[in-house]
Amino acid sequence: MRHTLSVLVQNESGVLTKISGLFSGRGFNIESLTVAPTIDTDFSKVTIITTGDDKIIEQICKQLNRLINVIKVIDVTGTNIAERELVLIKISAKTDRSEILNIASMFNAKIVDFTKKYCTLEVMGDEKTVKSFVELLKPLGIKELVRSGKVAISLD
Amino acid sequence: MTDKTLSVQKAGIRTGAQIFMEALRKEGVKEIFGYPGGVILSIYDELYRCNDIKHFLVRHEQAAIHAAEGYARVTGKPGVALVTSGPGACNAVTGIANAYYDGYPIVVFTGQVDSRLIGNDAFQEADIVGITSPCCKHNFLVKNVKDLPRIIKEAFHIASTGKPGPVVVDMPKDVLDGKTEFKYPEKVDLPGYNPTYTGHPLQIQKALKYLYKAKAPVIIAGGGIIASNASNELTKLARSLHLPVANTLMGTGTFPGEDELSLGMMGMHGNYSANMAVSHCDVLLALGTRFSDRVTGKLEKFCPEAKIIHVDIDPCSISKNVPVDIPIVGDVKNVLIDMINEIDLNEVQKTLEKREIWLNQLKKWREVKPKLNINNEKMLPQIVIQKIFESIKGKDAVVTTEVGQHQMWAANLCKFNEPRRFVTSGGLGTMGFGFPAAMGAQIAYPERLVIDITGDGSFQMNLQELATCVNYKLPVKICVMNNGYLGMIKQLQDVLFNKNYSQCCITGPDFVKLAEAYGAKGIRVTKEEDIISAMHKAFEVDGPVIIDFVVAHEEDVYPWVLGGEPLHKILLNNPTGGV
């Protein structure tokens with residue numbers, strides 16, 4: 001099963017290496033990982049999307065907690081949270097432009113750039129939104145796609 | 001000292017190298033193991049003037065780390081090593097990993113190139129923080145001399161608390177040359193590091209209830225008992241509730257080996273009685289062990305009928321390999337004290353009765369032992385090792401081993417009544433560990449008799465340290481089980497690879513001449529009747545001695561649970577019918 005882990009760490013060099021090294025060294029999966037400083041810049045928030053059965057997820061949380069620079073690990077899966085991901089998509093502008101604009105307006109996507117060659121769109125949303133947006137654009141010919149990886153916040 | 005340096009020191013301003021020395025003093029460090037190199041010469045310049053911290057110059061950096069670990073294992077205090085950047089630091093990695101997997105506290109200081117050169121592939125540059133991250137408890141790259149006192153304080157704290165382990169402090173040359181005011185912090189502030197020391201009281205009560213009810217209980221005593229100095233508490237609990245005790249390799253000596261409740265070592269080469277007891281128990285109390293594959297055998301068949309209580313300070317160890325019924329995270333000493341205080345005396349009276357059948361069964365299993373092949377012209381290594389132990393009985397001795405057959409025989413055939421007397425590499429299984437570890441133990445306790453039991457293969461991995469022993473007059477006695485083979489490899493090839501002895505036959509020097517070449521004493525023993533007198537002769541020498549025991553190569557270590565088999569499928573002799 002897929003899990004979202006919210007990890008508070010000390011904002012120091014080498015912390016990310018220790019986290020990613022832990023995943024590769026112990027054979028854990030990592031689907032996406034984002035990291036940025038919190039409001040207190042001494043700390044950073046890492047959001048990790050990972051997969052595994054309960055036993056593996058328990059080990060991942062324990063092993064993360066064991067790192068000295070890791071302050072707190074919360075498995076926020078299934079709790080009251082908002083999850084968002086930003087996606088940038090570049091499509092050939094030679095296809096049906098009105099179709100592109102239609103899909104974009106349906107998803108509240110922004111047009112980042114529109115040239116003779118390419119149309120670049122920005123969409124933000126939860127997993128489902130992002131997935132259907134990408135699926136709808138696929139037939140129009142996606143030249144490049146960049147995802148930010150998910151971030152999550154507890155609503156309680 | 002010139003007037004200028006005097007005035008600088010008065011103001012409390014120190015160089016990084018001076019801060020390093022001051023910090024070691026604050027931590028009470030008296031001995032360090034190391035090897036100089038370009039980027040750490042400013043520290044060596046301080047050592048040149050220093051009278052209160054003794055530096056031991058090894059002959060290879062790996063040995064410095066093993067020696068520091070040997071020191072830590074016998075004293076319980078962190079061992080300290082100092083090596084240079086690049087190759088010096090890389091040579092230290094095996095030692096760091098060894099201390100990590102066995103959980104012993106060492107602090108390793110590595111030099112680093114000037115911080116402005118980091119990342120430029122400078123001469124003798126290695127990313128040692130990156131290299132050691134997966135095999136140390138924590139590491140630091142010091143970026144500013146102002147951080148140095150705090151980092152050293154944190155390094156010693158992290159190494160010696162919680163589950164102990166190695167901590168690496170990487171110090172660039174410009175940090176050691178930089179100057180700042182020296183103020184050693186009184187406390188550490190590590191928000192992400194809060195080990196749990198006290199066990200949950202309800203879990204402890206629940207555990208006791210299981211133990212009262214048990215008809216066939218067993219304790220597994222692991223290395224965590226040594227780390228938390230909990231041997232007395234373990235002995236008290238086991239005796240008051242009549243709980244037989246099996247130990248892991250790392251738990252050797254945690255429970256008196258000669259006690260009638262002792263089952264001895266369990267696991268791949270454990271005793272028949274210990275493995276059978278664990279396989280058939282109804283309640284298992286596992287203390288300070290991480291259930292390594294060498295301990296459990298086939299996981300699915302491990303203690304199939306038992307309720308398992310697992311006490312460990314490291315939450316990661318719990319339910320990692322073995323699913324547990326009652327997990328207790330905490331320092332094993334505190335948990336045992338709480339258990340002992342909670343014991344209901346009414347229940348105690350009943351326990352012995354309930355366990356009569358079980359204790360009788362254990363007595364029978366204890367009689368089952370592998371037989372020796374006595375038809376050999378050469379001495380049998382098992383007999384040599386037993387006689388070595390006979391020769392040190394009653395003496396204030398520490399025994400170290402390397403890795404291989406001799407290690408398993410030493411652990412299995414010899415009984416230790418105290419912890420911190422048997423020093424061996426368990427998790428990483430490092431050949432070449434025992435000899436430098438013996439040096440560290442000897443430096444920690446100059447008055448003790450320190451013996452390294454080794455094979456001709458293992459000894460050749462770090463024999464250069466003979467020079468160190470001669471240099472500092474360390475009277476370590478090196479007992480080489482010399483059979484001309486990598487015995488454990490040969491044994492595996494015997495049974496699993498159709499006796500195809502691929503690369504396991506190993507030559508070596510004449511160990512007596514080798515000893516003499518280094519300025520040590522060498523003794524060769526070929527006859528059983530000479531073993532004890534040779535040992536006594538070695539004890540009288542005030543310096544290192546190699547005792548070269550020429551032993552039979554045909555012997556394999558039994559009992560043996562083949563890899564992937566459950567513990568009760570324990571072999572007492574070669575299943576293919578050979579010797």
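1. A word on the model: it is predicted, so local features need pLDDT of at least 70, side-chain atom pairs count only at pLDDT 80 or more, and totals for chains, interfaces and linings use all residues. Residues are numbered from 1 along each chain as its sequence is written, while chains are lettered from A and ligands numbered from 1 in the order in which they are written.

2. Where do the domains touch? Seven residues from domain 1 of chain A and six residues from domain 2 of chain A make the contact (C-beta atoms, placed from the backbone, within 7 Å). On the domain 1 side, strand 2 (32-37) of chain A gives the most, with three residues. Strands here are DSSP runs of E, at least two residues, and helices are runs of H or I, at least four, numbered from the N terminus.

3. Now the sheet in chain A: four strands form an open sheet in the order 2-3-1-4, with antiparallel pairing (strands pair if DSSP finds at least two bridges between them). Strand 2 and strand 4 (70-75) of chain A stand at the edges with a single partner strand each, so one side of each has no neighbour in the sheet.

4. Have a look at strand 2 of chain A again: six bridges join it to strand 3 of chain A. One pair to find is A36(A) with its bridge partner K45(A) in strand 3 of chain A.

Notes:
Two residues are in contact if their C-beta atoms, placed from the backbone, lie within 7 Å.
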